[in-house]
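I opened this notebook to record, step by step, what I looked up in a structure that was new to me. The entries follow the order in which I looked.

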Amino acid sequence: MLQILPQMDIEVLEQAMRDQIQDYRSRGLKMFASSSFQTHSLPMLHLISRIDNTIPVFFINTGFHFPETQKFRDEITASFGLEFIDVKSPVPKSVQRDSEGRFYFTSDPDYCCFMNKTQPMKAAMMDYDVWINGIRKDQNANRSGMQKEESTPEGKLRYHPMLEWNSKMIYAYRKKHNLPEHPLEAKGYFSVGCEPCTRKFDTTNNRDGRWFGMKKTECGLHTDLVQK
Ligand code: SF4
């Protein structure tokens with residue numbers, strides 16, 4: 001049986017992304033991308049920088065990120081020539097506490113994600129037509145059921161150029177372009193989100209280190225902001 005080499009797949013997917021962005025551009029659609037600036041985010045960011053580096057990249061800055069992530073974001077955007085925009089919740093941290101004075105990430109993480117991620121993202125995307133984000137089918141069951149294009153409940157277009165990529169292809173692309181890794185990866189963090197909800201995890205599913213011990217697998221960006 002003929003085996004398709006990852007590199008061939010990558011070239012086809014790269015060209016498809018280039019064509020799709022060109023198509024959005026020719027239709028006058030205003031685009032933005034979003035990224036959590038993890039190691040596996042870099043191929044999409046690198047491709048955007050080569051296709052059209054005027055597309056801004058939103059970083060949802062919850063205020064709970066590792067300092068290493070923010071430093072990595074600054075280094076990557078500078079080296080790729082990209083513009084990033086910090087998207088922040090308008091709700092002050094002083095009132096992000098439950099009746100017992102604990103931050104909501106300890107007692108109600110869904111509400112914490114809603115306040116710090118979903119709600120600010122919803123507001124930030126209002127001036128745009130197309131949201132480019134790097135979800136992949138191989139990340140979890142929710143994402144495996146996604147299409148290349150989806151709508152948000154508000155009628156914005158979601159474009160998922162990395163949907164068919166897998167971790168081997170991400171690795172091959174990083175190696176080919178000599179892309180760095182998130183500084184916490186060497187310390188055993190394979191999926192890095194907010195500091196209180198991320199832990200080191202030695203597993204085949206990198207995302208198992210997120211919201212450890214809870215049933216939660218998504219923050220809401222790829223569930224609540226998808227038209228059902
Ligand atoms: S990942 Fe954790 S800290 Fe970050 S917004 Fe969600 S619940 Fe809050």
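## Entry 1: the sheet

I am working from a predicted model, and I began with strand β2, residues 57-60, which is joined to β3 by 4 bridges, the two strands running parallel.

Next I went to β1, residues 31-34, which pairs with β4, residues 130-132, in the parallel sense over 3 bridges. Here F32 stands opposite W131 in β4. Towards β2, strand β1 is joined by 2 bridges, and these strands also run parallel; the bridge partner of A33 in β2 is V57.

## Entry 2: the crossovers

I followed the chain from β1 to β2 and found that it passes through helix α2, residues 42-51, in a β-α-β crossover that is right-handed. From β2 the chain goes on through helix α3, residues 67-80, to β3, and this β-α-β crossover is right-handed.

## Entry 3: helix α5

I checked the length of α5 against expectation: at 1.5 Å a residue its 16 residues should span 22 Å, and because the C-alpha atoms at its ends are 21 Å apart, the two values agree. I also noted a kink of about 40° in α5, centred on M115.

The buried residues of α5 are C112, C113, N116, K117, T118, P120 and M121. Among the elements that cover these buried residues are β2, β3 and α4 (104-107).

I then looked at A124, which is also placed in helix α5. Is A124 buried, exposed or partly exposed? It has 18 C-beta neighbours inside 10 Å and so counts as partly exposed, since a buried residue would need 20 or more. Leaving aside neighbours within four places in sequence, A124 is in contact with F58 and V87. The C-alpha atoms of A124 and A33 are separated by 11 Å, and the two residues are 91 residues apart along the chain.

I looked up H182, which lies in the segment after α7 (167-177). With 25 C-beta neighbours inside 10 Å, H182 counts as buried. Not counting residues up to four places away in sequence, H182 touches Q38, T39, F72 and V192. I also noted E68, which is 114 residues from H182 along the chain, while the C-alpha atoms of these two residues are separated by 7.9 Å.

T152 is found elsewhere, in the loop between β5 and β6 (157-159). It has 17 C-beta neighbours inside 10 Å, and T152 therefore counts as partly exposed. When residues up to four places away in sequence are not counted, T152 touches R158, L225, V226 and Q227. The C-alpha atoms of T152 and Q227 are separated by 4.8 Å, although the residues are 75 residues apart along the chain.

## Entry 4: two positive phi values

Last, I turned to the backbone angles, keeping in mind that most residues other than glycine have a negative phi. F37 has a positive phi of about 55° although it is not a glycine, and its place is in the loop between β1 and α2. With 23 other C-beta atoms within 10 Å, F37 is buried.

N178, which is not a glycine, also has a positive phi, near 55°, and N178 is found in the segment after α7. Is N178 buried or exposed? I found 6 C-beta neighbours inside 10 Å, so N178 counts as exposed.

Notes: Residues numbered from 1 in each chain as written. Predicted model: local features only at pLDDT ≥ 70, side-chain atom pairs only at ≥ 80, totals over all residues. Pairing = 2+ DSSP bridges. Expected span 1.5 Å × (residues − 1). Bend = angle between axes of the 7 residues up to and from the residue. Buried ≥ 20, exposed ≤ 12 C-beta atoms within 10 Å, placed from the backbone. Contact = placed C-beta atoms within 7 Å. Right-handed = clockwise from strand over helix to strand, strands pointing away.
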